Amino acid sequence: MNSEETLTLQSEFLQIRILPAFGGKISSLRSARRGEEFLLAPLRRYCQVSRTAGFHEGDLGGFDECLPSVAACESTADEPPVPDHGDLWRSKWHIDSCDRPITIYADSLSRPLRLTRHAWLDGPSLVLDYDLLNLSDSPATWLWSAHPLLRIEAGDRILLPDEIKEVVVEYSAAGVFEKNSAIGWPRAQSALGTTIDLSIVGKRDGVTAHKLFARAGRSGWAGIYRKRTGTGLMLCFDPSALPFLGLWICSGAWPETGAKKQYTVALEPTTSNVDSLVSAEQNGTARSLGARRRCQWRLELRLLEASSPLSFEAFRAKAIAGALCQLS
């Protein structure tokens with residue numbers, strides 16, 4: 001396979017680009033009508049990295065798959081350690097089909113697991129169907145998280161279901177929020193006593209970075225509203241399969257070293273409420289896939305736009321209406 005090979009999906013609504021050689025990365029999700037890009041552009045050139053490289057050594061953009069852990073973690077029981085952001089973003093994926101759906105797969109390096117992803121367009125939605133297979137005769141532990149790094153601008157808005165009233169802090173740069181503490185959503189009290197509206201994207205400040213987790217509850221969705229264009233993107237998922245949502249809000253404080261810094265929001269449907277598989281095993285949210293068994297789930301990325309720019313209130317109404325249709 002040519003390392004520069006790009007697979008594409010296109011409709012009247014969306015233009016999608018996928019890079020099988022670089023972790024199966026979805027490198028572009030663009031509105032066909034407006035030309036607006038929703039994924040963060042690479043901060044470094046695409047390149048092959050080692051089996052143990054940190055995520056900061058990659059391109060730092062686009063949509064990757066994190067399996068069987070997000071955070072690097074040591075070996076547990078008889079299973080090997082897992083590198084930073086898992087195995088699959090650093091692997092070359094194999095192509096099963098270049099047609100609709102685009103079907104690609106990759107094998108985990110630290111677990112006997114194969115993840116197959118089918119990507120296809122349904123109107124204004126990119127639909128991703130996942131199939132995880134245990135290739136061995138022994139059970140294997142895992143967690144999975146979507147990792148879509150979104151392009152943002154100051155004033156954009158993060159929209160979550162009204163039922164989400166609090167989030168738990170996995171990480172907060174400079175101790176703005178205490179690790180493992182539960183804080184309010186969208187308005188949260190910082191460690192210094194100030195109130196921060198986490199739903200409003202701030203300017204690139206070089207100091208802000210938070211990783212947060214919410215329980216999905218009955219409503220499996222989250223959205224980003226782009227103020228400048230009056231458009232947005234909604235992620236829809238089944239909370240019985242993906243019961244948690246990770247939130248990465250970064251305004252230029254990560255990576256901690258190097259000149260290239262992320263300015264992004266990531267909405268991350270996931271199987272666990274922590275980044276580390278070891279921590280997930282400790283709190284009971286790790287998954288175990290039996291010998292030769294498989295597990296399947298779906299994620300939908302839905303473009304929300306209209307003939308004229310949507311106000312935030314109109315975007316919110318469309319997002320909630322779409323979520324209700326999904327539940328019915």
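Which residue's side chain meets that of glutamate 12 in a salt bridge? Arginine 33 does, at 3.6 Å from N to O. The views below start from that pair. This is a predicted model: local features need pLDDT of at least 70, side-chain atom pairs count only at pLDDT 80 or more, and totals for chains, interfaces and linings use all residues. Residues are numbered from 1 along each chain as its sequence is written, and side-chain values use heavy atoms, with hydrogens and water left out.

**View 1**
A salt bridge here is a side-chain nitrogen of Lys or Arg within 4 Å of a carboxyl oxygen of Asp or Glu. The whole structure has 18 of them. Strands (E, at least two residues) are DSSP runs, numbered from the N terminus. Both glutamate 12 and arginine 33 are exposed. Relative accessible area sets the class: buried is under 20%, exposed is over 50%, partly exposed is in between (1.4 Å probe, protein chains only).

**View 1. Two further salt bridges and a network.**
Aspartate 107 pairs with arginine 114, with the closest N and O atoms 2.7 Å apart. Aspartate 107 is partly exposed because its relative accessibility is 30%. Arginine 114, at 26%, also counts as partly exposed. Glutamate 268 pairs with lysine 211, with 3.2 Å between the closest N and O atoms. That pair links distant parts of the chain: glutamate 268 is in strand β20 (residues 263–270) and lysine 211 in strand β16 (residues 209–215), 57 residues apart. Are these two residues buried or exposed? Glutamate 268 is buried, at 2% relative accessibility. Lysine 211 is buried, at 5%. Elsewhere, Glu36, Glu153, Arg226 and Arg228 form a network of salt bridges.

**View 2. The largest pocket, about 360 Å³ in volume.**
Pockets and cavities are found on a 1 Å grid over the protein atoms alone. A pocket is an open set of points with protein on both sides within 12 Å along at least five of seven lines; a cavity is a set where a 1.4 Å probe fits but cannot get out. Lining residues have an atom within 4 Å of a point. Grid points are joined across faces, edges and corners, and a volume is the space filled by probe spheres set on the points. The largest pocket is lined by 16 residues, and His85, Tyr171, Trp248, Trp254 and Asp275 are the closest to its centre. Strands β10 (145–151) and β12 (166–172) each supply at least two lining residues. By class, the lining has 7 nonpolar, 3 polar and 6 charged residues. Nonpolar covers Ala, Val, Leu, Ile, Met, Phe, Trp, Tyr, Cys and Pro; charged covers Asp, Glu, Lys and Arg; the others, Gly among them, are polar.

**View 3. The largest cavity, about 110 Å³ in volume.**
The structure holds 1 cavity of 30 Å³ or more. Its lining has 13 residues, with Phe22, Cys47, Val49, Asp59 and Trp89 nearest the centre. The classes are 6 nonpolar, 3 polar and 4 charged.

**View 4. The largest nonpolar core, with 63 residues.**
A nonpolar core is a set of buried Ala, Val, Leu, Ile, Met, Phe, Trp, Tyr and Cys residues joined through side-chain atoms within 4.5 Å. Leu126, Trp144 and Leu299 have the most contacts inside the largest core. A second, separate core of 14 residues includes Leu40, Trp89, Ala173 and Ala266. Contact means heavy atoms within 4.5 Å. Beyond four places in sequence, leucine 126 touches residues including Leu9, Ile16, Trp120 and Leu299.

Leucine 67 and proline 68 are joined by a cis peptide bond, with omega about 0°. Alanine 174 is not a glycine, yet has a positive phi of about 60°.

Notes. Helix = DSSP H or I, 4+ residues; strand = E, 2+ residues; numbered from the N terminus.
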